[in-house]
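Please have a look at the model below.

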Amino acid sequence: MNVSANASAYVQAQSLPELPAPSSTKGPIHWMRANLFATPANTLMTLVAIYLIATTVPALFKFYVFDAVWSGTGRDACLRDKVGREVGACWAFVGDRLQYFIYGSYTQAERWRVNLVFLGFGISIVWLLWDKVPFKSVGFLFFFGILPISAWMLLYGGARAEFWFLIAGFALLAWTIWGDLSAGRKGEPDVFTRPESLIRYGVLAAMVLFGLYVQIGPGELPVVETGLWGGILVTLLIASAGIVFSLPFGIALALGRRSKLPIIKLFSVIFIEFVRGVPLITVLFMANVMLPLFVPQEWSPDRLLRPLIGVALFASAYMAEVVRGGLQAIPRGQYEGAMSLGLGYGKMMRLIVLPQALRIVIPGIVNTFIGLFKDTTLVTIIGIFDFMKTIEASFADPLWATPTTRATGYAFAAIFYFICCWGMSRYSISVEEKLAAGQKR
Amino acid sequence: MQAAPETAKGSPWYDPKIRGYVYQALLISVVVYVGYAMVSNVSQNLARQRIPFGIDFWDTQAGFDINQALFPYTARSSYGDAFWVGLLNTLLVAAFGIIFATVLGFLIGIARLSRNWIVAKAAMVYVEVIRNLPLLLQLLFWYKAVLEPLPRPRDSIAIPGGALLNNRGLYVPEPVFGAGAGLIGAAFLLAVFGSIAFYIWAKRQQAASGRIYPIGWVSFGALIGLPALAYVVTGGPVSFNYPAMGGLNVRGGITVYPEFIALLLGLTTYTAGFIAEVVRAGILAVSKGQWEAADSLGLPYTRTLSNVVIPQALRVIIPPLTSNYLNLTKNSSLAVVIGYPDLAQVFLGTVLNQTGRAIEIVGITMAVYLTISLLTSAFMNYYNQRMALVER
């Protein structure tokens, strides 16, 4: 172009050679460069981390998987001298003692009762936690009312157990029918045929029939003393007693703490702050040694009941603070709206405030429950045979005394607790995301 | 509250004020009745079991020994002394635990946000594993599975610096102070005060002129240099009593018992997992604009973190950090399972077993933990107020 002769000399006349493409902006190499070896310090950290992982993870796998002994009937299977090879974890020990870890010393022939309770527990957990299952109100009635009573009777047994079972079934049935009748009077004619009511009647009728069957049929259930209960049974029992009791009581305490009535507020605050200020161990000791002194001699609570009471009171105080957080997050307008509709305090809380407040704090409740579940291990200290204690106790068994028994037992306990707690925390995160989705329009 | 209009006058039962009085009166009478019933039951039960009430056991000879005591304690000492030994041991492990857990927790919390993928993932795995396992299991793991299989005293592991490690504990050299050692202490104190004075001066200078002084290096140099100088000047009056094998056990040095190590390790690693999450949440709460502003000022990563982000994150971090400190202190009562002589193990365990005074001992123990909790939260509230955002 001839114009270019007059144009400034600094303008390029022909195109420069192409630069080589950047080595990569995607793909594994680039990713590694950006995320692992960005700076010298970063590289150093990566190398240290890789070194640590390379020294621990393969060793753990070797011990717990490759060198492990998976079957056997006694310590000889897990002794290096007898087997003639390097011996890692002794899973045969866990397999052999599994029944003990689950049921404790619960009478062998009666373990179907425990299984039935586990089944009921599992059903109610799925019912309450999985949002696709309908009829939540029946689920709540089952988990907070029927299950605790019937589980205790079933597990303990005894001559009067089915009788009370029967009574409880009838009482709940009568209460439900009465509720439906009064709903019918208010002009909801199809209330009896609603599937929700049918399920409720079904559950209650099954209870009554079962009570009748045991009463008339094979005779009374033999008593299994609580001293024989143990293992996962007791761990679940303590944890679920904690949640069943602490949720309603915690809500009551939270409402009390936010109440305008000074004395109710004072008592709530004292209880909550007192319990939260002391370690669970002192509460358990109190339940164990002081509770029998506080009541008349003939009422002295069962040895297993004492820690249940202690854990339940302890969890209530923590639950109260979680619920209080939810109550505080409800805007004033909701309270005022309820009041302007003419609702009294009870109806305002039950119908307007608590449903919203509890929804917000589901993650908090689950987190409290995770803490409670981990804390159930502390009952070991006052001599209750929970899951942890049964494992610790089986180390003393000479049949399985090997150098690796302990490491295996702890690993098994760790796996159990990790799966339970991690599962719960995943659940709480998923609920949190679901709640946040509603806000993210 | 407005007075109800006269036309709406109904039964007084529907007046919320009267209802409130009735409810409160009911609550008081229930509490009073339960309290009365409890007291009378207790006195009956105690009379039947022939257990006296009162703390007259306080000065009685305890008759049991405690391996780790911060002041001279023998089996002839009283139950009251045992109480103080236990309390001091609780405070000791809690103090060390809080320091270590804070450091480890901050490191892991920051590591979780690291741009280095493998470091971030490793920190995440640590937090998930630690937080989802019961502390009791972790303590048993450290005590029974890590420390117990250590070699016998005869085959002690020698740690560089003259310490010995075996299944009876960690033996560290004990400093012996000769004449003139006081001067070293004085030099150290001087260095401490000098560093603080320099810090204040440097901060003022920075605020006035923008010049940054190397506070860290200066105080580090002073803290090491001055005592070292005093050591040389006075002719080295400090010697060390090194632990050595003697007979069947190690002699000399200071013994750190395995129970203490296990409890400290367990409490530190467990609480650090929780603190890490608190720190992470705090850092994430600082808005992105702060990072970008620091970047555009040309501050390097570490300086951005230490001078811009963390000071602001601390406001979010401190309240939950306090409750983690309290939890650590309360969790130290799990010492019972591994036999570390803290308040719970000595007083709630052994003394209660020997004297049978359930009410007094459980009551005193609860009161002590309650006092520690209230004092800590009062102090942290004060600190929190000082750190809070000052707005016009």
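## Helices H3 and H7 of chain B

From H3(B), the residues B:Ala123, B:Tyr126, B:Val127, B:Ile130 and B:Arg131 meet B:Thr269, B:Tyr270, B:Gly273, B:Phe274, B:Ala276 and B:Glu277 of H7(B). By class, this contact of H3(B) with H7(B) holds seven nonpolar, two polar and two charged residues. Here, two residues are in contact if their C-beta atoms, placed from the backbone, lie within 7 Å. Ala, Val, Leu, Ile, Met, Phe, Trp, Tyr, Cys and Pro count as nonpolar, Asp, Glu, Lys and Arg as charged, and the others, Gly among them, as polar. Helices (H or I, at least four residues) and strands (E, at least two) are DSSP runs, numbered from the N terminus.

This is a predicted model, in which local features need pLDDT of at least 70 and side-chain atom pairs count only at pLDDT 80 or more, while totals for chains, interfaces and linings use all residues. Residues are numbered from 1 along each chain as its sequence is written, and chains are lettered from A and ligands numbered from 1 in the order in which they are written.

Now for the geometry. H3(B), residues 117-131, packs against H7(B) at an angle of about 120°, with the axes 9 Å apart. Axes are lines fitted to C-alpha atoms, for helices over the stretch in contact, and angles run from 0 to 180 degrees between N-to-C directions. The two helices H3(B) and H7(B) are therefore oblique to each other; angles under 35 degrees count as roughly parallel, over 145 as roughly antiparallel, 65 to 115 as roughly perpendicular and the rest as oblique. The crossing of H3(B) and H7(B) is left-handed, meaning that the near helix is turned anticlockwise from the far one by less than a right angle, with clockwise giving a right-handed crossing.

## H7 of chain B also meets H9

H7(B), residues 258-285, has a contact with H9(B), residues 301-331: their axes come within 8 Å and cross at roughly 155°. H7(B) and H9(B) are therefore roughly antiparallel to each other, and their crossing is right-handed.

Among the residues that meet here are B:Leu267, B:Phe274 and B:Val278 in H7(B), and B:Val309, B:Pro320 and B:Asn331 in H9(B). The contact of H7(B) with H9(B) comprises 15 nonpolar, five polar and no charged residues.

## A helix pair in chain A

Chain A has 18 helices and zero strands. Two of these helices, H11(A) and H13(A) (residues 305-329), pack at an angle of about 115° with their axes 9 Å apart. That makes H11(A) roughly perpendicular to H13(A), and the crossing is left-handed.

In H11(A), A:Phe271, A:Ile272, A:Val275 and A:Arg276 take part, meeting A:Leu313, A:Phe314, A:Ala317, A:Tyr318, A:Ala320 and A:Glu321 in H13(A). This contact of H11(A) with H13(A) has eight nonpolar, no polar and two charged residues.

Which residues touch the most other members of the largest nonpolar core? They are B:Leu139 and B:Leu263, in a core of 148 residues. Such a core is a set of buried Ala, Val, Leu, Ile, Met, Phe, Trp, Tyr and Cys residues joined through C-beta atoms within 7 Å. H10(A), residues 231-257, gives the largest share of this core, 14 residues. Apart from it lies another core, of seven residues, including A:Val138 and A:Phe143.

A:Leu155 is found in H7(A), residues 136-156. Is A:Leu155 buried or exposed? With 20 C-beta neighbours inside 10 Å, A:Leu155 counts as buried; a residue is buried if 20 or more other C-beta atoms, placed from the backbone, lie within 10 Å of its own, exposed if 12 or fewer, and partly exposed in between. By contrast, B:Ile159, in strand S1 of chain B, is exposed, with 12 other C-beta atoms within 10 Å.

## Where the chains meet

In total, 43 residues of chain A are in contact with 44 residues of chain B. On the side of chain A that touches chain B, H3(A), H11(A), H12(A) and H18(A) each supply at least two residues. H18(A) gives the most, with ten residues. By class, this side of chain A has 32 nonpolar, nine polar and two charged residues.
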